[in-house]
Amino acid sequence: MPQSFDVILSGGTLVNHDGEGLRDLGLRDGKIAEIGDLSRAAAGERIDCRGLHVLPGVVDSQVHFREPGLAHKEDLESGSRSAVMGGVTAVFEMPNTNPLTAGEAQLADKVARGTGRMHCDFAFWVGGTHENAKHVAELERLPGAAGIKVFMGSSTGSLLVADDAGIAEILSHTRRRAAFHSEDEERLNERKHLRVEGDPSSHPIWRDAETALRATQRLLTIAREARALVHVLHVTTAEEIALLAAHKDIASVEVTPNHLVLDDEAYRRIGTLAQMNPPVREARHREALWEGLRQGVVDVIGSDHAPHTLEEKAQPYPKSPSGMTGVQTLVPLLLDAVNEGKLTLARFVDLTSAGPQRIFGMAGKGRIAKGYDADLTVVDLKRRQTIRNEWVASRVGWTPFHGLETTGWPVGTFVRGARVMWEGELVTPATGRPIRFQAAL
């Protein structure tokens, strides 16, 4: 009696923790059921993957999908549609919505909004505040919680925790790894009064690496004293990379494709479309981030997808808001780097699948292995394609990378065995579910 599967992906090059090679993949009941030669097996559907690479599902651990409160920019449906169109199978969404995701009720509301409506699987960061500090150990273990996220700078209201005592209080109660937006709010305020109208590249704040370095130094000191694990989001400076390399026992590191691809030349080319927090900086910092990737300092890639409408971005600086789309372009940009020799395919998988699993402890995700969720990103490493605004499924419909030709492209997205996207078409209705985490089972 031949083996039988719901779906077989045949003839593709499978890339996983044990290397890469021509292997078939059998999926059953949303799980990976068999890896190997399945030429004699039966299947409800057999998908020809010859010439393609089959990767563990890409995880984007930092996105802002704006719901509730700012759905004119994005919502959970549109943001997740953009994710799967770009080959992303799971996302961690941020807490700076309206209302803020800082309590059990707000988290449960987001989980309910996303279940069966988002196209990919999901988790939500819970904002750490002065008010909920004593309760973060319970909040970080709730269903659908990615963990605790703290804004040391570039935020307002109760999400801003700029003082050392507040950070220490939160970290004294965390049991999982807490994520930090690491900018020094005091120095940001010092620099913000230096208003420069028009060209954002001329504003001193974009060139002030000290704003990030000072905050990261403080954070690492507090975390070590609290014996806590921290995750430093969207690192942008050479000095931070050097500092974090000496603290890898307690700190994991994220960089974004935006900071790996763009430098301050982008301000002159596309203006406020390149404006984000922390900022796109000079080329020396971009090169230091690549060196951090090569040296293994960087653990994960997150897009920091944070959309605003073109009308909002068209306001003259400093009225223009900070943030850009990114979840849909993460995979093409990194595959282009693979083709340029800046990144190996194995390191790509480590940064986008194995890394998130290792750092955050996702249950049943992050690798291609028997019994794991059948989350897969299928790519054509040789396909040359130009990124265009018209391709972007985000509600705002633009990307700072419009017109950039890349080599390497996402062909298919599988979420728990369902072929959600194939060859640029959304082919399965939304079935997104909350991600489970080992520390919260």
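Reader: Is Asp 375 buried or exposed in this structure?

Author: This is a predicted model. Burial is read from relative accessible area, and under 20% counts as buried. Asp 375 has 6%, so Asp 375 is buried.

Reader: Which residue forms a salt bridge with Asp 375?

Author: Look for a side-chain nitrogen of Lys or Arg within 4 Å of a carboxyl oxygen of Asp or Glu. Here the partner is Lys 365, with the closest N and O atoms 2.5 Å apart. Asp 375 and Lys 365 are 10 residues apart, and each lies in the loop between helix 13 and strand 16. Lys 365 is buried as well, at 4% relative accessibility.

Reader: Where in the chain are Asp 373 and Lys 31?

Author: Asp 373 sits in the loop between helix 13 (345-360) and strand 16 (376-386). Lys 31 sits in strand 5, residues 31-36. Asp 373 is buried at 11%, whereas Lys 31 is partly exposed at 32%.

Reader: How many salt bridges are there?

Author: The count comes to 34. One of them joins Arg 218 and Asp 164, at 2.6 Å from N to O. Arg 218 lies in helix 6 (residues 210-226) and Asp 164 in helix 4 (residues 164-173), so this pair ties together parts that are 54 residues apart in sequence. Asp 164 is partly exposed, with a relative accessible area of 39%.

Reader: Now the backbone. What is the phi of Arg 416?

Author: Start with the general idea. Most residues other than glycine have a negative phi. Arg 416 is not a glycine, yet its phi is positive, about 45°. Arg 416 lies in the loop between strand 17 (405-415) and strand 18 (418-422). Arg 416 is buried, at 15%.

Reader: Which phi does Glu 423 have, positive or negative?

Author: Positive, at about 50°, although Glu 423 is not a glycine. Find Glu 423 in the loop between strand 18 and strand 19 (425-426). Its relative accessibility is 41%, so Glu 423 counts as partly exposed.

Reader: Is the peptide bond from Glu 67 to Pro 68 cis or trans?

Author: Most peptide bonds are trans. The bond from Glu 67 to Pro 68 is cis, with omega near 5°. Pro 68 lies in the loop between strand 8 (58-63) and helix 1 (76-85). The bond from Tyr 317 to Pro 318 is also cis, with omega near 15°. Pro 318 is in the loop between helix 11 (310-313) and helix 12 (330-340).

Reader: How many residues of strand 14 are buried?

Author: Five of the five, so strand 14 (residues 251-255) is largely enclosed by the rest of the structure. Check both faces. Ala 251, Val 253 and Val 255 point one way, Ser 252 and Glu 254 the other way, and all are buried.

Reader: Which strands are joined to strand 14?

Author: Strand 13 (residues 230-232) runs parallel to strand 14, with three bridges between them. Val 230 has Ala 251 as its bridge partner. The chain crosses from strand 13 through helix 7 (residues 238-245) to strand 14, and this β-α-β crossover is right-handed. Strand 15 (residues 300-301) is also parallel to strand 14, joined by two bridges. There, Glu 254 has Val 300 as its bridge partner.

Conventions
Residues are numbered from 1 along each chain as its sequence is written. This is a predicted model: local features need pLDDT of at least 70, side-chain atom pairs count only at pLDDT 80 or more; totals for chains, interfaces and linings use all residues. Side-chain values use heavy atoms; hydrogens and water are left out. Helices (H or I, at least four residues) and strands (E, at least two) are DSSP runs, numbered from the N terminus. Buried means under 20% relative accessible area, exposed over 50%, partly exposed in between (1.4 Å probe, protein chains only). Two strands pair if DSSP finds at least two bridges between them. A crossover is right-handed if, with the strands pointing away from the viewer, the path from the first strand over the helix to the second runs clockwise.
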